[in-house]
Every structure is written in C-alpha cells, then in structure tokens.
Amino acid sequence: MNGILRTEELKKYYGSGENTVKALDGVSLSVMEGEFAAVVGTSGSGKSTLLHMMGGLDRPTSGKVYVDDKDIFSLKDDALCIFRRRKIGFIFQNYNLVPVLNVEENITLPIELDGNKVDRKYIREIVQVLGLEQKLDSLPGQLSGGQQQRVAIARALAAKPAIVLADEPTGNLDSNTSQDVLSLMKVTSDQFGQTIVMITHNEEIAQMADRIIRIEDGKVRKAGQFSDIPDDRIPQTGRRTTSRPSGKTEGKGGGYRG
Amino acid sequence: MGLRFRKNTYETLNMMLDEATSGNFQESDYDESELSKLEVKWKRFLGASALSRQNVEKEKKAVKELVSDISHQVKTPISNIRLYGEIIEEKLEGEDKELAKRLMAQTDLLESLIQSLVKMSRLETNIIQVSPQKQPLKPMLEELVLRGKEKQVKRGIQIVKKGWTDECQACFDRKWTSEAVYNILDNALKYTEEKSCVTVAIREYPMFVSICIQDEGPGITEEEIPKIFQRFYRGSQFQEKEGVGLGLYLAREILKKEHGYIKVSTTNQTGASFAVYLPRENFQNC
C-alpha cells in the first residue's frame, strides 16, 4: 500500500570524485497517512537533507519523492512552489512567524496567499486544541516560545496539508514546554488524522512518535544493525538479558517499513 | 461576455466543490433554472455523492450497533456455560476434574473477550460518550491501586508512588480513564518480575499531566511498540493464559477521545514504561 509520502533511492551528493560528500546515499521509505514519524540521526547523518528533499525545498542528485502519489520533482520550480504551499506544512525550530501579523492572521496566511477560502470551523477546532483561543489578537512578540510554536503548528495544520514536516520543533524550548509541544503534535495528529514527519537528534523526543526511522551516514539504518548498543544486548530482542528465559522474537520491522 | 460567463461558472463550480468537500453541500441551495448546463450536471453529481455518503454512514452505524447487540446477547449463554460447567466440575474427580477445570478457564477467556468487545463497540459507536471533567487525579489512582491489590500482594510487588499530590488536577472522564490506566497497571503487575517494584509517577507540564507506570519486567522492543496497540496482539514470547490482547487498543481509543495519548518508552533499560498524558484544561468548553 502506498504511503502518503514516499521516497525512492534518494541521493544527494555534493562535489565529485574523491571529494564527494554523500549527504543522502539511497534512502527509500514510506510514511502512511495519519502517522507521526520521527527521523532520528546525529548531526551530519543526512536527516536535514532528507527533510529538505521531502519538502521539495531542494532537488536530489537522483531518486524520487512522491507526495500524495505525485512525483514532486517532475514539477517545474513555479509549480513545485505552489504544490508545496498547498500540500506541505512546515514547522521550524525558530517558529518563523510573521512579526507584524497577529496570531490569527499568521495562521491563515498560507491559505489566503493561495486565494482559497479559509475553513473557519476547522481553524477554530485547531485553535481550541492548541489552547490559543485567548491569544488570537496577540502579536508573536507578545508570546512565549512555546506559544509561538503552537501558532506555528496551527499554521502548518490549517491548510490541511498532505504532510507536515517539522525540523527540530522543540530545539528552542525548555524541557517542560518541549513536552507540551510534542504532546500537542501527537494529539493533533491523532485528532485530525494529520501525517507528521519530525526530524530530531534527540532520542527522547523521537520516542514521542508512532514510528522511528533512523538515519546514519545518509542511509536508513536497517533493523538488526545495532552499532552503538552495548554488548549485553541481544540483537534480536534489543534489550538486556534477564533471568527469565525469553523466547525468540521475530526480528522483522524495525526502523521503517519499506 | 463569453469570458465573464465562464468566470462566473468557474466560481460557482468552485464554490459547490468547496461545500461538498466540507460536507455542507445542499442540493436545494442551487436553483437549477439559473445554472448553466455544466453546473447542473455538476450539481447533480455532487448531490448524488452527498447522498451516498449519508447512506454509507447509516450502514456503518447499523453494522456497529449490530455488533454491539450480538456481543451483548452472547453474555447470557456464556454465564450459563459457566454455571453448568462449575456444577460438572464439582461432581468429577481426578483427570476428568482437570479437564473440566480447563474448560472453565476457556470460558473465563471467552467472557473477558466478550466484555472487551462490548466495551469497544460501545465506545466506537459513540453509544457511550467520554465526558472529560476537570478533577483531581489522586482519588482515581488510589482506587486503581486498590483494584490491583490482590495481584500485587500475590506476587510480592511493591508499588512506589511518586509525585502524587492532592492538588494535581487534569481533565478526564473518570470511569473510562480508570479503565484505560488500569489496563496498563494490570499489565505492569502481570509482567514485572516477582517481588519487584512498579512505580506510578505523576508529572505536571504546563498544558498536560502525565501518569507514568514503570515496571521491572522484560520490557518491550522498539519493533513491538506499534504492534502492541493493535487489536488482539499478544507479545509472541508470552504464553500467559489470562488476557486477550484488547486492553491497550481500548486504552488508546479512550485517551484519544479525551485529547490525551499513551506513550511507550524503551529508553529505560529494564522493564517497560507507559506514560498516559491527559490535558489539564478542557479543550471543548473553556
């Protein structure tokens, strides 16, 4: 079954010959509609590059990305820009709200830019779930970091995109606020059936998602490749030996479903 | 003249489509005498889709109610089986008695399955509403610990309470949330090592409250995490006779209805950690 977001052998190489940097080296994955997936990797693992490819913000050296079954890189720049605006929502680490517009205007901006009618009822629901009802007239400068990020989430959800891409959404927030923002992303994903792909380097944050996709050296790390797990872990079960005899688990699945 | 006509038609078609998409399309809103031929066809098509969607919803609802009725009806024969089974068991000796006992165990399983199915179908058909209220958490947790007392004592488990304050409040439906959280606590008591600790910790965040239940059992692998919430899934290595694999599915559905969720952690090395998140304020009514 095709996912709402699919990548096929994505490669992004910089430079040539000996100096080639392989930011992405053949990434194929599939995200199902309504999933909340996390892409985890250390700095330089290729996760940001992957996000940029998935969002059509950058073109790959080779490989394809399908959003809602559309091969996005078959589109010319202008068409891609429009497609992106309609089909993809973004949440950035530094919120990126427009400082001269109030909360409500920030939320509806992408829809209005497209000349589309704003679904007021849906926006009201989103605003309620995100606890922003009292803040609709406020300017971003009057809000805390957590509140601003909530506005960014509302903005990303408002146009009902096929997918929402979040780049380290809690990077600028303290741990309590981070937990709240992640909770809200989870709740809205459940509530509105919204597909969300979040990239992070933080294992704890990744645990919030329904599924974890691990990236290392530009490749998706397959199940069974536990390169950084201490020796007393059994590769198949992935957990420490216990005194209780445990049967073998089937080691299928893992970080991603192909 | 031709251009303006086309533009008007385009706008009308666009508007009709918007309404159909949002489920608000009403055929009678559009007067046929004023619409162009194309618009008339469009209107008829959208009207027919709206009608078929209504029919599909009706059918779905009927099926769900049927399932609910059937599960309810099955309860009586099961109680009867149990009744006669117990009588037979008492009258038998030795190997025969053993067989009767095993029969009774299967009946218990059947009963628990039916109970879970009834609850699930009632929840899914919205026959029973989940109505969250803002209230203190501690009383519900105390009650749940009491419910699990027998199992706890039998296996020599110690329950550690962290962060339980009288002031801590959240927005939840007490009856259904008890059901959900007890499922998790029950699992913890079942799978943790004998004579070990199960910790129930409350943590408060600005918009949410979490109840975290940590056991000292074999834990859960990352691959298993998405699976455990599926209906009827039982860990492949666990040959427990009790339990039917619906608890977590039900728990997650309940929490979804309250604008909360369940999070499972594998970063704790020993045992499993389930955290239930509940909102602090009522999203609908505040």
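Trainee: Okay, helices are DSSP runs of H or I with at least four residues, strands are runs of E with at least two, and both are numbered from the N terminus. With that in hand, where is H259(B)?

Mentor: H259(B) is in the loop of chain B that runs between α8 and β6, the latter covering residues 261-265. Keep in mind as we go that this is a predicted model.

Trainee: Got it. What is the phi of H259(B) like?

Mentor: It is positive, about 65°, although H259(B) is not a glycine. Most residues other than glycine have a negative phi.

Trainee: And is H259(B) buried or exposed?

Mentor: H259(B) counts as buried because its relative accessibility is 8%, and the cut-off for buried is under 20%.

Trainee: Let me try chain A. Which loop holds N96(A)?

Mentor: The one between β6 (88-91) and α3 (103-113) of chain A. N96(A) is not a glycine either, and its phi is positive, near 55°. With a relative accessible area of 40%, N96(A) is partly exposed.

Trainee: Back to chain B for an overview. How many helices and strands does chain B have?

Mentor: Chain B has 8 helices and 7 strands. It is made of 286 residues, and 44% of them count as buried. Looking at contacts in chain B between residues at least 6 apart in sequence, 70% join residues at least 24 apart.

Trainee: Which helix is Y84(B) in?

Mentor: Helix α2 of chain B. Y84(B) counts as exposed because its relative accessibility is 52%.

Trainee: How many residues does α2(B) have?

Mentor: It has 55 residues and spans 82 Å from its first C-alpha to its last, close to the 81 Å expected at 1.5 Å a residue. Its buried residues include V40(B), L46(B), I78(B) and G85(B).

Trainee: And how far does α3(B) reach?

Mentor: α3(B), residues 94-124, reaches 45 Å between its first and last C-alpha, close to the 45 Å expected, and has 31 residues. Buried residues in α3(B) include A100(B), M104(B), I114(B) and L123(B).

Trainee: What covers the buried residues of α3(B)?

Mentor: The cover includes α2 (37-91), α6 (174-191) and α8 (247-257) of chain B.

Trainee: New topic: salt bridges. How many are there over all chains?

Mentor: A search of the whole structure finds 24. In one of them, R6(A) pairs with D69(A), with the closest N and O atoms 3.4 Å apart. R6(A) is in strand β1 (residues 5-14) and D69(A) in the loop between β4 (62-67) and β5 (70-71) of chain A, so this pair ties together parts 63 residues apart in sequence.

Trainee: Which residues are linked with R6(A) in a network of salt bridges?

Mentor: E8(A) and D69(A) are linked with R6(A) in that network. R6(A) itself counts as buried, at 17% relative accessibility.

Trainee: What does D114(A) pair with?

Mentor: D114(A) forms a salt bridge with R86(A), their closest N and O atoms being 3.0 Å apart. This pair links distant parts of the chain, 28 residues apart: D114(A) is in the loop between α3 and α4 (120-129), and R86(A) is in helix α2 (residues 77-87) of chain A. D114(A) is buried at 15% relative accessible area, whereas R86(A) is partly exposed at 44%.

Trainee: And in chain B, what does D186(B) form a salt bridge with?

Mentor: With K151(B), and the closest N and O atoms are 2.6 Å apart. D186(B) belongs to helix α6 and K151(B) to helix α5 (residues 149-154) of chain B, so the pair ties together parts 35 residues apart in sequence. D186(B) is buried, with a relative accessible area of 14%, while K151(B) counts as partly exposed at 22%.

Trainee: Last one: where is R214(A)?

Mentor: R214(A) is in strand β9 of chain A, residues 211-216. It counts as buried at 14% relative accessibility, and its side chain makes a polar contact with the side chain of E203(A) at 3.0 Å. Beyond its neighbours within four places in sequence, R214(A) touches residues including V40(A), K219(A) and, in the other chain, E222(B).

Terms used
Residues numbered from 1 in each chain as written. Chains lettered and ligands numbered in written order. Predicted model: local features only at pLDDT ≥ 70, side-chain atom pairs only at ≥ 80, totals over all residues. Heavy atoms only, no water. Buried < 20%, exposed > 50% of the residue type's maximum accessible area, 1.4 Å probe, protein only. Polar contact = N/O pair within 3.5 Å; in protein donor to acceptor, adjacent residues only side chain to side chain. Contact = heavy atoms within 4.5 Å. Expected span 1.5 Å × (residues − 1). Salt bridge = Lys/Arg side-chain N within 4 Å of Asp/Glu carboxyl O.
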